[in-house]
Protein chains: 2
Amino acid sequence: MPQDFRVWAPRAARVDLVLQDQGAGTDIAMAGSDDGWWAARVETDDLVRYGFRLDGADDVRPDPRSLRQPDGVHGLSATFDRTAHRWQDSDWTGRQLAGGLIYELHIGTFTAEGTFDAAIGKLDHLVSLGVDFVELLPVNGFNGVHNWGYDGVLWYAVHEAYGGPAGYQRLVDACHQRGLAVIQDVVYNHLGPSGNYLPEYGPYLHEEHANTWGTSVNLDGPGSDTVREYIIDNALMWLRDYHVDGLRLDAVHALVDHRADHLLSEMAQQVKVLSAHVGRPLTLIAESDLNDPRLITSPEAGGYGLDAQWSDDFHHVLHVALTGEKTGYYRDFGSMGDIAKVLRRAFFHDGTYSSFRGRNHGREVEAHTTPASRFVVFAQDHDQIGNRAIGDRLSTQVDADSLALAATLVFTSPFTPMLFMGEEWAASTPWQFFTSHPEPDLGKATAEGRIAEFARMGWDPNEVPDPQDPKTFAASKLNWDESATGHHASVLELYRRLAGLRREYSDLTDPRLGRVLTRHDDDERWLVVERGGLRMVFNFADVSRSVPVGAARVLLATKSGVVLDAGQVFLPARTAVILDAV
Amino acid sequence: MPQDFRVWAPRAARVDLVLQDQGAGTDIAMAGSDDGWWAARVETDDLVRYGFRLDGADDVRPDPRSLRQPDGVHGLSATFDRTAHRWQDSDWTGRQLAGGLIYELHIGTFTAEGTFDAAIGKLDHLVSLGVDFVELLPVNGFNGVHNWGYDGVLWYAVHEAYGGPAGYQRLVDACHQRGLAVIQDVVYNHLGPSGNYLPEYGPYLHEEHANTWGTSVNLDGPGSDTVREYIIDNALMWLRDYHVDGLRLDAVHALVDHRADHLLSEMAQQVKVLSAHVGRPLTLIAESDLNDPRLITSPEAGGYGLDAQWSDDFHHVLHVALTGEKTGYYRDFGSMGDIAKVLRRAFFHDGTYSSFRGRNHGREVEAHTTPASRFVVFAQDHDQIGNRAIGDRLSTQVDADSLALAATLVFTSPFTPMLFMGEEWAASTPWQFFTSHPEPDLGKATAEGRIAEFARMGWDPNEVPDPQDPKTFAASKLNWDESATGHHASVLELYRRLAGLRREYSDLTDPRLGRVLTRHDDDERWLVVERGGLRMVFNFADVSRSVPVGAARVLLATKSGVVLDAGQVFLPARTAVILDAV
């Protein structure tokens, strides 16, 4: 059967298709054209291994649009028959973000097996928890077997050790069978440290710009039309070919783009076209450190038209209020008033001075017209756990009372809540930084860099886990056996009740930011949040407090000992209560 | 079991609940309060007939929020147990409008039986046609047995002859089982001529304002807070209690509202709150004669935030191009350029002079940011057929070639297409104006008014069907037997192919108005519409035409004899063709 192979390689004067058909390798000269694309049509088996030889080089490179890398990112690419999977989700009409609950998980550590198929076995747990969206950390092709996924170099491939593209199809389909939508985390701001052969093909990188993680992607220089197409086609691939319901766009603040139509705006438009075509809502969520409402403002009002963005400010105010940590980017946060501001205005830094950045930061959100569901909030996520020296979860930093306070704030906020896998039972397992670069030098550099970074902050180098040590990866796997035992089971029950209340009371998912009312006392460290007929009262103090709330009945208290009397609620130390005004 | 009865009757000094329990009537004095609400809690059977006696009057009035009127709108109300129906649609996550196809139908004439249950039997036909949204003409409580539904006086009741609220639940559930969403047509701008007892209860009407159909509803005068609540609660009832997916708001230009937050804007906000609560997209579509983009502009950009509105301009340009009719509101329309303008800018009257109105009309749509899916378009609808003297469909006014032209223009437009029941097979049955007022005087006045109206336009009074004659209703019922026969079957096949192409080619559902390109020749009466890689060519002339289109292949031609040669397409008279540029 004839197959067409195409590759964009404007930097090459000659490109040969290398086919590993029935064991033997064959070089086939490809035909070039002025726009930098090379093409070849060859008779071949349905499924083959292949690669490209650029300018007669000794090494064969994988296809930048490879769907499978059976032998890792340095090996040959493999064709994949997308149509072999018989999708069972023809009645799936998608799921809108507003009102939803997101659950972030990493395939490699979510289960003992670390595969898509094993994850399917846990989906019923997510359904019973009340989850609407399963958000997968990046599954694209990255170096080595174990990795968070942000080191991707082949964005179109699905990581082989997880089960490859066929396993991915099975997982998405299984999610849809259960009414769960799928959000895929994708990284378009940099490429991983090993296996990135894109610069040999064309001007994928912006050599003059670098960000924290590597050289910036070329979004506005010469040749960037095709680079943007490479990114947007990839976004559409997940949503169209793999039936995915949304994308989480990693660190969009690291996208350097000075063109009139920003990449994100162009992507949002293309995704709207696809959404109308497939008849499902498709959701774009940015991770952004910009505190810029433009990202999530509709095009009619001059915005990029993304559906949502993460609000790290929410995490920071909550984290500091619970832990008292004040280092690094936590420095500006901490008071009850800070929490109140974030609940009413989404951003803490909305033009205010950020001492961490040494400058004013952010812009005000238009509270009366911006739906609160456009902000994704969390008490924990992969970064805020995994980027700590020892990858310790909030559950090992604060007591059970504080965890319950945090969960109640997340679920009763006007925003879209997100949980990190295992949070719902206060998992005892850490989630650490792990890599598995096969190259000894890179592995050593990665490990030493990580350990040195934390040594500078005063950590004993022996305490910081070696990211290359397989034990670090193994230690980060969830221990599902504990979820039904002791205090883990109690925490899980609280999460289920909070998710249930959020579904039961429309006041909790009311997207109108302007309707959120707050009262607080920074000295006494309590906070009252009024949403419609509900009153959430939080006592962050280490002592009991009495707070005026008016006539009400208790829907949920995170601790025993709560007393309602004469319009006052008595709260023991570190307690939250949800009240229904009567 | 105790049941609570409540009614808002600020105009009454005394209200008695009249219960018809086990056959006998009982009067129970209700307790009033300062806000005009009256309440009574009584032990009664689960399901009872009841009404209210205002100020000791002889007549008992139905409940303004009655859910059932077993004996018509003048009789007692009946309680209804919504929870008796076991909904089977728990996995239904709704359907977004963008990309969808709407099918408008009237329950009474859709089937021989004229019931919700009979309509269920026809849903598979709609699925095979490619329909996404079933739009029901008003089903609320109206006077008599047969009526279009716009004469409603009890907006919370479901018309008993259709099957009442229980039958309605079954139909909505059956739609969801088949992946069909439901849009309910609702009328909030006036009340029907018989059975409107609302003014006895309170200031529901704005005595100083009248519109075409009756006294305006009080949306901004004293007491209007509760009137607006009455309307918005009704909207929420359909969406929440009956699982409906969207509302079509009748003639919103007749809503007189000078408050800062327009009723439509307030409704859109409340529906967003409900949407987040139920986790489904809920769609609000206005019928509007205002040509005001404000209705469908998002709140962020200063609009009301409705999801869509009907575009009568689209109908008018198409109708005039096909029929040459130039009377009344058709006067300003007719050229190929008019069609082209509507395809590119949605409104024909966007600040231009309307001779029918004797003034400038409309405002420009911001083509680069307004998704075209926010406009619902059609070649025929209940009004454009039923408001003609004899209720004749387009299929009896023009030949089959012209019908195919019309269908092709509707399906390949960038807008959301809507069909009127039977249109898909060029039904031979008319759809006439019918009423069944039991009061002889009202019946006579209605019939005489209708006939006189058309007599003034030159119609022979004997030709205009008598709306009160049961034969007029009977004649308007679809004849399903014909749908599979002769030219009806051919038309149906064309509609299926058009719906299929619209699903297959994302260019056809691309919501970007700014991407629609047109060329036309008003003398030769041809029009070319370019959308992405597709070229639609329409020859409205009565003779053949050759039109330059470049290299292309034919995806669909409405007639044989189309020839592509040397970059030109040869089209016989009244032919449309869809081309794929190559």
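How many residues of strand β6 (residues 49-54) of chain A are buried? I counted 6 of its 6, so the strand is mostly covered. I took a residue as buried if 20 or more other C-beta atoms lie within 10 Å of its own, as exposed if 12 or fewer do, and as partly exposed in between, with C-beta atoms placed from the backbone. Strands are DSSP runs of E with at least two residues, helices are runs of H or I with at least four, and both are numbered from the N terminus.

**Ground rules.** The model is predicted, and I kept local features only at pLDDT of at least 70 and side-chain atom pairs only at pLDDT 80 or more, while totals for chains, interfaces and linings use all residues. Residues are numbered from 1 along each chain as its sequence is written, and chains are lettered from A and ligands numbered from 1 in the order in which they are written.

**Strand β6, chain A.** I looked at which way the side chains go. R49(A), G51(A) and R53(A) point one way from β6(A), and Y50(A), F52(A) and L54(A) point the other way. In a regular strand the side chains alternate between the two faces of the sheet. I then looked up the pairing, where two strands pair if DSSP finds at least two bridges between them. β6(A) has 2 bridges to β7 (residues 77-78) of chain A, and the two run antiparallel. R49(A) has A78(A) as its bridge partner in β7(A).

The UniProt annotation "active site", from an unreviewed entry, covers D250(A) and E287(A). UniProt positions are given in the numbering used here, feature names are shortened, and such annotations may be inferred rather than shown by experiment. I found D250(A) in the loop between β15 (246-249) and α7 (263-278) of chain A, and E287(A) in the loop between β16 (283-286) and β17 (308-310) of chain A. D250(A) is buried, with 23 other C-beta atoms within 10 Å. E287(A) is buried too, with 20.

For contacts I required C-beta atoms, placed from the backbone, to lie within 7 Å. Not counting residues up to four places away in sequence, D250(A) touches Y150(A), D185(A), V186(A), V187(A), N189(A) and E287(A). With the sequence neighbours within four places left aside, E287(A) is in contact with R248(A), L249(A), D250(A), A251(A), V252(A) and W310(A).

**Barrel, chain B.** I traced 8 strands that close into a barrel in the order β8-β9-β12-β15-β16-β17-β20-β21, with parallel pairing. Strand β9 (residues 133-136) of chain B is joined to β12 (residues 181-186) of chain B by 4 bridges. F133(B) stands opposite A181(B) in β12(B).

**Open sheet, chain B.** A separate entry covers 3 strands in an open sheet, ordered β1-β5-β4, with antiparallel pairing. β1 (2-8) and β4 (31-32) of chain B are at the edges with a single partner strand each, so one side of each is left without a neighbour in the sheet. β4(B) is joined by 2 bridges to β5 (residues 37-43) of chain B, and G32(B) stands opposite W38(B) in β5(B).

**Helix α9, chain B.** Of the 10 residues of α9 (residues 336-345), 7 are buried, so the helix is largely enclosed by the rest of the structure. I listed M336(B), D338(B), I339(B), A340(B), K341(B), V342(B) and L343(B) as the buried ones. They pack against α8 (312-323), β22 (517-521) and β23 (526-531) of chain B. Just after the helix, A346(B) takes a positive phi of about 75°.

**Cores.** I defined a nonpolar core as a set of buried Ala, Val, Leu, Ile, Met, Phe, Trp, Tyr and Cys residues joined through C-beta atoms within 7 Å. The largest has 161 residues, of which A406(B), A407(B), V537(B) and V577(B) touch the most other members. Helix α11 (residues 400-412) of chain B gives the most to this core, with 8 residues. A second, separate core of 160 residues includes L255(A), L282(A), M421(A) and F538(A).

**Chain contact.** I found 34 residues of chain B in contact with 34 residues of chain A. α7(B) gives the most to the side of chain B that touches chain A, with 7 residues.

Conventions
Two residues are in contact if their C-beta atoms, placed from the backbone, lie within 7 Å.
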